[in-house]
Amino acid sequence: MLKIENLDVSVNNKKILDNFNLIVNNGEVHAIMGPNGVGKSTLSRVIMGDTNYKVMSGSIVFDGDNIIPLTVDERAKKGIFLAMQYPMEIEGVSNQDFLRTAISSVNNKRIGLYDFILKCEKGAEELSMNKELIHRSLNVGFSGGEKKKNEVLQIKLLSPRFIILDELDSGLDVDSLRIVGENIKKYKEDNPNTSILIITHHPKMLEYLNPDYVHILDNGKIVKTGDYSLAFDIEKNGYNDYKNSDNDKYSGVICSNNIDVPEIPLSYNLTGDKNNVIPNALTIPAIVNINILNNFNCFNSLTFNFLLYLRLF
């Protein structure tokens, strides 16, 4: 499904990925663990098409097509989805309108309002979400757990084939983690050919998804590849035993010379309030109702996750 070969990536003239290689086959679940600043989230953003990162060489092939030339929305339409660690709030755009626009864009046809409402309410019920959240401004006033559940609701409605979970488990309490984990597990069971790439620091989320492979990144390299049990060894003993060790090669998977990701400039919310921002948020073009999003470029978890964001007039 996904094959990354000899990928060199830089940002602000600093190389982050150097001759990076990764293979994820249909239906496989891979987990990437490692200390902060080793390039885990960088990989997810490059796959998604974040233009803040410059691809110097190499290829990212998805279903036989090199997707590097593709825009964010084109990658979304191919079935790639990124669940963000920090979903952003957007005042003035209802969760319902945004979800419906995203579904219509991905499927290249307008979804009927009645069918959409039924799907939304069913998904919200399965996630133990307050149904009123569907009608409120996107993520505005949502708790951390509600924002993460909203990410999973997007997965349920948009039906992606390749899912990247970038620390989706961070900030979740025990009950919310269980609900999120069980819903993603159920989605995978219903869609066995879907592949999942999990970026996490903790093995609890992996209990629900039982990854085929766990990779440890340190100093820009995959220093260890193992099965599910490797995550519990990390939880117990930390990463010290895997630092500066020889790189284990696994089906062409190599990760080298990642460095700390430099900060990306802050983005603004729709009100233009400079004090209401999310650090390191990305600004991606999008197309929404001009009456709702007038003359602002903004970022939101759904738009980048689903890799749909609209260019405003």
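Let's start with a contact. Asp-63 and Arg-161 form a salt bridge through their side chains, 2.5 Å from N to O. Keep in mind that this is a predicted model. Where do Asp-63 and Arg-161 lie? Asp-63 is in the loop between strand S4 (54-62) and strand S5 (65-66). Arg-161 is in the loop between helix H5 (144-158) and strand S9 (162-166). The two are 98 residues apart in sequence, so the pair ties those parts together. Asp-63 has 38% relative accessibility and counts as partly exposed. Arg-161 is partly exposed too, with a relative accessible area of 33%.

How many salt bridges are there in total? The count is nine. I'll take two more.

Next pair: Glu-89 and Lys-147. Their side chains meet in a salt bridge at 3.1 Å, N to O. Glu-89 sits in the loop between strand S6 (80-83) and strand S7 (90-94). Lys-147 sits in helix H5. They are 58 residues apart, so this pair links distant parts of the chain. Lys-147 is buried, at 14%, because buried means under 20% relative accessible area.

Lys-122 and Glu-126 form a salt bridge between side chains, 2.6 Å from N to O. Both belong to helix H4, residues 113-126. They are four residues apart, about one turn of the helix. Lys-122 is exposed, at 52% relative accessibility. Glu-126 is partly exposed, at 35%.

On to the rings. The structure has two aromatic pairs. One is Phe-62 with Phe-162, with ring centres 6.1 Å apart and planes at 75°. That makes the pair edge-to-face. Phe-62 is in strand S4 and Phe-162 in strand S9. They are 100 residues apart in sequence, so this pair too ties separate parts together. How accessible are Phe-62 and Phe-162? Phe-62 is buried, at 0% relative accessibility. Phe-162 is buried as well, with a relative accessible area of 0%.

The other pair is Tyr-228 with Phe-232. This pair is also edge-to-face, with 5.0 Å between centres and 70° between planes. Phe-232 is partly exposed, at 30% relative accessibility.

To recap strands S4 and S9: Phe-62 in S4 pairs with Phe-162 in S9.

Note on methods:
Residues are numbered from 1 along each chain as its sequence is written. This is a predicted model: local features need pLDDT of at least 70, side-chain atom pairs count only at pLDDT 80 or more; totals for chains, interfaces and linings use all residues. Side-chain values use heavy atoms; hydrogens and water are left out. A salt bridge is a side-chain nitrogen of Lys or Arg within 4 Å of a carboxyl oxygen of Asp or Glu. Buried means under 20% relative accessible area, exposed over 50%, partly exposed in between (1.4 Å probe, protein chains only). Rings of Phe, Tyr and Trp (its six-membered ring) pair if their centres lie within 6.5 Å; planes under 30 degrees apart count as stacked, over 60 as edge-to-face and the rest as tilted.
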